[in-house]
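Please look over the sequence and the structure below before reading on.

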Amino acid sequence: MHSTALSSGTPRTEGVSDASVPRRSAVWGLLLTALLLSFLLSLAVGANPLSVGQVWKGLVNPDASEASIIVWTERMPRTLLGIAIGMALGVAGALIQALTRNPLADPGILGVNAGAGFAVTIGVGLFGLSGMTGYIWWAFLGAAGATVLVYVIGSLGRSTSPVTMVLAGVALSAVLGGLSTFLTLIDETTFESIRAWGVGSIARVRVDDVMTVLPFLLLGLALAVGLAGSLNAVALGDDLAASLGTSVMRTRVLGVLAITLLAGGATALTGGIGFVGLMVPHVVRWMTGPDQRRIIIGSALAAPRLRRRRTDRGAPRRDRGRHRHRGHRGTRAHRARAPSEGERTMTVSPGIIDFGYRVLRARTGFSSSRIALRTAVVSAALFALAVGFAFVALFLGDYPLSLQDVTSAMSGRAEEFVSMVVIQWRLPVAVSAVLFGALLGIGGAIFQSLTRNPLGSPDVIGFDAGAYTAVVVVMLAVGSQHAWSIAAAAIGGGLITALVVYLFAYRRGMQGFRLIVVGIAVSATLGSVNSYLITRADLDDAMQVGFWGAGSLSRVTWSTLVPVIAISLAVIATTILLAPSLRSMELGDDMAVSHGTRVGAARAALLVAGVATTALVTAAAGPIGFIALAAPQLARRLTGSPGVSVLAAAAMGSALLSAAHLLSHVLAIAFRPVPVGLITVCIGGIYLIVLLIRESRSRSGAAR
């Protein structure tokens, strides 16, 4: 077997991919049948329904009849466009998952959608762009530019790192998405133009536009098919792929080029279309096995079925190969050896995991904890920085204050008006910046540890999408914009969504990967509902929903903050008690059980705590994005810890949100008010990109 693999240059795959020929034939037959059925239904279903017989007659005997005109003039171009777009997105998703070796990656992870959306927003808002032809070229250039930038960041080190490339894509997407939202919220004309394009539709695309982009799509498909064999080798790891004669760098460069052509061309034509590139490769992998050649061809056949109409539907099926690329969860015996001088060691004993770092020990009558010295120092510095940012923000506003005014108000010696401005208006907002940032950091640390994935955050279980949907319904359908009704809707919608995701993901236990996939499916469904409601709403109502969705601390008062503080203390205490269990579960369920951890109960309690952190913030200030995702990764890089630290993530979250709060005041004075949620995604994204660049350069220097 080894000689065959070496001679061919492509490793042989076993398991599901070695299924019998009849089974593979049945799979391909099923995919082709589904594609043909979707093709016929797309021609038959519409405002003027046609029977299958009428469709067939119109196809084989084109004439001047009404059915033939409808089929060939109105529905055939749209159907062929749907097939082409579906193929492009499905194959692009298969490529990005193979290149990054991350089953949660989709074309949007490389910044394709965000780059296209930002470029179109710039064109509409600053240059008066209008019309689909103008949108196409701006969107395509934006998608290509974002993808190239992500790849450059991921390639700064000695070699291209899939994890660095994924994180760079997430960071750049957040920055561009935040800037796009800001530009749309400050101009009604831009908002009106972008909200229709951003939903994603094939109805408004002309044949001439399709012919313009079609060569790029065909070239991307050809590259993907040609790279399939090399992707099988890259999936085994860079070193093994190189030993098999595969050029890893060439494969990645051509793969990124193919993704740019496919996803960029599709996004340029139809706008942002999510979830197809994520779900289709999972379904095809479940049916055909891990061979990338079959996955790419199968994705090209299966994806158009999801693009039969203007919206994409569906939920991912179970992936039998979901554990294939994970490390083995069991333990392995190795011959012991003495550590060399200066080497850090890891000691594992029941209930204690020692990674060899200098630690601080805190003991009480009820429990004890161990914190790495560097983690403690960095966390203290970040918390101090957060408090400093919040304190400076007390000086700024429509009524500027001096240091003496603020200190006098804090000590109770200031005038009544100054005291009201500081104590009643600005202090609750400053306190909420520190507290809410810590809560979001804690929630992100919990979910990234449970899922063992740097893309994990409370957003992945659909909480933000559920909260947003409930608020959209209350504001647009019910017509209520009262603060308490919005807060109740946000909490209720988020918790119900989280419960639904948990129930669907539970299968004789809870696996982090399944939770993420189901959460993404539910989030995508609710996101489509939100986009539809906003596009159908009046412009003023839609912009009100957009402002709430941007996240703002300005609406926080003591009456809303005091209950949040009380509940937050309980959530933080629960997280502290469960922190040892969380660290044990990072090593795998089997290892955690051997340490005496009740994995099922601990995971459920941590999920509730993680959801509660986001629920409290969303109810008081609206959804504040990216902190829960970025804070744990930023903190891990600053502390140098082997895993995610809850304490450091909380400190980093506080520093990020407090800095964003201070910057929002500065921008309000110099330009105009900006929601703090938009600033967080920009600050966190830029900071994460800078850290990734520095980390890549340091690795490259150490390698030399």
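The largest nonpolar core has 174 residues, and the members that touch the most others are Leu95, Ile296, Phe436, Leu553, Ile624, Phe626 and Leu657. A nonpolar core here is a set of buried Ala, Val, Leu, Ile, Met, Phe, Trp, Tyr and Cys residues joined through side-chain atoms within 4.5 Å, where buried means under 20% relative accessible area, exposed over 50%, and partly exposed in between, with a 1.4 Å probe and protein chains only. A second, separate core has 12 residues, among them Ala390, Leu401, Val421 and Val422.

This is a predicted model, in which local features need pLDDT of at least 70 and side-chain atom pairs count only at pLDDT 80 or more, while totals for chains, interfaces and linings use all residues. Residues are numbered from 1 along each chain as its sequence is written, and side-chain values use heavy atoms, with hydrogens and water left out.

If neighbours within four places in sequence are set aside, Phe626 has contacts (heavy atoms within 4.5 Å) that include Val170, Ala174, Thr680 and Leu688. Helices are DSSP runs of H or I with at least four residues, numbered from the N terminus. Helix α24 covers residues 627-639, and its 13 residues reach 17 Å from the first C-alpha to the last, close to the 18 Å expected at 1.5 Å a residue, the expected span being 1.5 Å times one less than the number of residues. Because 11 of its 13 residues are buried, α24 is largely enclosed by the rest of the structure; the buried residues include Ile627, Pro632 and Arg637. Gly640 follows α24 and has a positive phi, near 70°.

What, then, of the charged residues? The structure holds 1 salt bridge, a term for a side-chain nitrogen of Lys or Arg within 4 Å of a carboxyl oxygen of Asp or Glu. Side chains of opposite charge can pair when their charged atoms come close. Here Asp291 pairs with Arg293, the closest N and O atoms being 2.9 Å apart. Asp291 counts as buried because its relative accessibility is 4%, whereas Arg293, with a relative accessible area of 42%, is partly exposed.

Conventions: Helices (H or I, at least four residues) and strands (E, at least two) are DSSP runs, numbered from the N terminus.
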